[in-house]
Amino acid sequence: MVETQASLLEVGEHLPDLRQFVGDDSVSEIMVNGPGRLFVERDGRLERVPVGEGRLTGRDLEAATALMTRGCGLDLRRQPIADLRLRDGSRVAIAAPPASTALAISIRRFSKCLLSAADLVGMGSLPRPVLAAVRDTLRRDGNVLIAGGTGSGKTTLLNACVGLLPEEDRIVVIEDTIEIRLTHGNALRLEGRAVVTGERGVTIRELVRHTLRHRPDHVVLGEVRGAEAADVIQALVTGHGGSLSTIHASTCEGALNRLATCALQAGDGLPWDAVCHSVAAAFQLVVRQAREDGRRAVREAVAVLGYEPRTGGWLTRTVWEERRATAAAGEAAGGRPAWKRVAGVPGLYVSPSEPVTVADLLRSLGDTRRSPATRRLWRSRASRRRSSSVPSTSSSEAA
């Protein structure tokens, strides 16, 4: 991440339509999709901001980007995409032609409010059972992986979980962009650096390898994106317990798959099953964060028990799940009984209080009676019934 001396307030001098959001803490992201097209994310919801005639022109955008890239060694004519950090900590992504059809600027504001785990519980963002599972995992030197999409609140949750680590322990934090807020006295922060003209960059993978020379009790990686996953896994399985990281994924199992895929990018030549076994040994808990209707919250948490190469699946145990918790609350209030997920059948839930047959499961999955697999199933069942009804030769002779 390239650091610039410009501030968000100074950028607002070139783009007056942005000034109203400088002091608005409810706005977390400002997006300019080209001349006259301004959007913001306010309280988790996207909204378009009307722009007056002759405002936010292409010349205004060029002046603002020139201010931000001045003195950074960046030339958008030769390098049409850039990631910057403003003086106040806000992150800026710039895309210029020919990388985009028009000059586009996205600004993610640096949150001034540090939310603790207790704050997230009070807001309803972090369920108490998940907090207890995270605290217990870290206390037992287990490692936690936080999954979610862009803007789902992964970093906010990561910040809160870092606060659960013992104050007297040494923490090394690795980030591509500084976002994690540290309150520990013995903490070291490492940041990756993009390749700039005339300078050598520093990759996250290099920082992960370098981290182990600083005697960390806990390693906190802002986000796993690529080949550094292989080094992270090796670090975690060799004694650096109580560590945390985030990854982009929409499910807990998907997070484990993506972590293994990223590790393969290292080119170490390890087979898929060996990488998956290492992933299962590296992380003991996966927490999935998501944003729905503008609300960011934990949706699921699973304990990682291992990897089964015969089926190619992860062995997990659900610690908490929003749908199951909602159903349990409805049952407690006198509603229908809680529904449980059927292992190996994504998206299928059955009630434990009612008997379920194979036909019921097939009907739940849709009309699959005509599929070849279903016909083979029914033929094998009919064959077994016929064979059990025909007496054996030995018994007939004995008679």
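Predicted model: local features only at pLDDT ≥ 70, side-chain atom pairs only at ≥ 80, totals over all residues.
## Overall make-up

Let's start with the whole chain. The protein contains 14 helices and 17 strands. It has 399 residues, and 42% of them count as buried. Looking at contacts between residues at least 6 apart in sequence, you will find that 53% join residues at least 24 apart.

Helix H5 covers residues 128-139.

The buried residues here are Val130, Leu131, Ala133, Val134, Thr137 and Leu138. If you look down the axis of H5, these buried residues fall within an arc of 160 degrees, which means that they line one face of the helix. Just after H5 comes Asp141, with a positive phi of about 60 degrees.

## Where H8 meets H9

Next, a helix pair. Helix H8 (residues 228-236) packs with helix H9 (residues 252-264) at an angle of about 110 degrees, and their axes are 6 Å apart. Angles of 65 to 115 degrees count as roughly perpendicular, and H8 and H9 are therefore roughly perpendicular to each other.

On the H8 side, Ala229, Ala230 and Ile233 make the contact, while H9 contributes Leu259, Cys262 and Ala263. By residue class, this contact of H8 with H9 has six nonpolar residues, no polar ones and no charged ones.

Definitions and conventions:
Residues numbered from 1 in each chain as written. Heavy atoms only, no water. Helix = DSSP H or I, 4+ residues; strand = E, 2+ residues; numbered from the N terminus. Expected span 1.5 Å × (residues − 1). Buried < 20%, exposed > 50% of the residue type's maximum accessible area, 1.4 Å probe, protein only. Arc of directions from axis to C-beta. Axes fitted to C-alpha atoms, helices over the stretch in contact; angles between N-to-C directions. Parallel < 35°, antiparallel > 145°, perpendicular 65-115°, else oblique. Contact = heavy atoms within 4.5 Å. Nonpolar A, V, L, I, M, F, W, Y, C, P; charged D, E, K, R; others polar.
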